[in-house]
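Dear colleague,

My findings follow directly after it.

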Amino acid sequence: MIGLFFGDTEFPKKILLKIKQKKEKYIIIDLSKKKFFRKNPHSQSFGIGQFGKIFKFLSENKCKNVLFAGKINKPKFSSLKVDFQGFYYLPRIIKSAKLGDAAILKTIIKILIKEKIKVISSNAYNPELTLSKGCYTKLKPNVRDLVSINKGIKSLRMTNPHNHVQGLIVRNSRIISKEKIHGTKKMLEAINKDKNSQGILIKYPKKSQDLRIDLPTIGFDTVKDCKKFGIKGIVLKSKQHIFMNKNKSIKYANSNKIFIIIK
């Protein structure tokens with residue numbers, strides 16, 4: 001039995017499909033904003049402050065292993081539903097929320113570990129969504145690009161380890177845009193005035209990132225946005241990312257002279 005802590009984005013749906021194909025038993029702790037899994041008979045919706053109900057749900061189903069996938073948004077504490085155990089853990093959640101969204105998930109994991117529940121990697125069921133080192137497109141980065149890429153990776157590793165910032169755009173060894181809480185698309189839109197920016201998008205884990213729950217993710221929409229805003233290349237970390245619709249994305253990148261490399 002696996003417990004699935006699911007938030008927003010399409011990634012949780014991919015995981016669920018694979019688990020169903022394997023005919024494994026599962027339950028869903030639905031933390032998504034729009035309650036995507038409310039029609040699933042194995043799913044229950046919870047708020048982050050309802051730890052008592054969550055632990056009861058896990059215990060009733062004899063679930064000792066859990067997986068996190070999808071974006072779990074920072075709650076509005078003024079309207080947060082809290083049960084008895086939630087009141088006990090809430091101060092920790094509020095404290096971590098000041099550090100960033102990823103810090104909330106790390107705190108939840110520590111709470112689960114205290115309750116003797118193991119957290120496994122979010123890509124445990126979908127290793128096909130990650131790529132190994134190499135260039136996956138006809139176009140390859142030149143020497144100047146590689147210098148810029150190394151500068152960008154170094155910059156990302158120095159960012160706050162507690163937030164969701166996993167991306168930036170670098171051009172000529174200069175950072176021209178950084179991802180904020182609203183995500184990659186908003187970061188790309190920030191360079192809208194320069195549609196021939198020839199920048200490079202880097203989505204890379206931070207130095208102390210918990211890779212069980214917080215993998216940088218891109219998909220076909222991201223690659224299309226890169227074309228729209230003049231990005232010449234995309235860089236991901238080997239085995240430390242989620243690449244949705246990768247075959248379609250690579251084909252599109254080849255047609256539009258965008259390189260995709262995995263370092």
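Strand E7 (residues 167-171) is joined by 4 bridges to strand E8 (residues 174-178), and the two run antiparallel; strands are DSSP runs of E with at least two residues, numbered from the N terminus, and two strands pair if DSSP finds at least two bridges between them. Val 170 has Ile 175 as its bridge partner in E8. The two strands form a hairpin with 2 residues between them, and Asn 172 in the turn has a positive phi of about 55 degrees.

This is a predicted model, in which local features need pLDDT of at least 70 and side-chain atom pairs count only at pLDDT 80 or more, while totals for chains, interfaces and linings use all residues. Residues are numbered from 1 along each chain as its sequence is written, and side-chain values use heavy atoms, with hydrogens and water left out.

E7 is also joined to strand E9 (residues 200-203) by 4 bridges, again antiparallel. Here Gly 167 stands opposite Lys 203.

For the chain as a whole, buried residues make up 53% of the 263 residues. The C-alpha atoms fill a box of roughly 55 × 40 × 25 Å, taken along the principal axes.

Yours sincerely

Terms used:
Buried means under 20% relative accessible area, exposed over 50%, partly exposed in between (1.4 Å probe, protein chains only).
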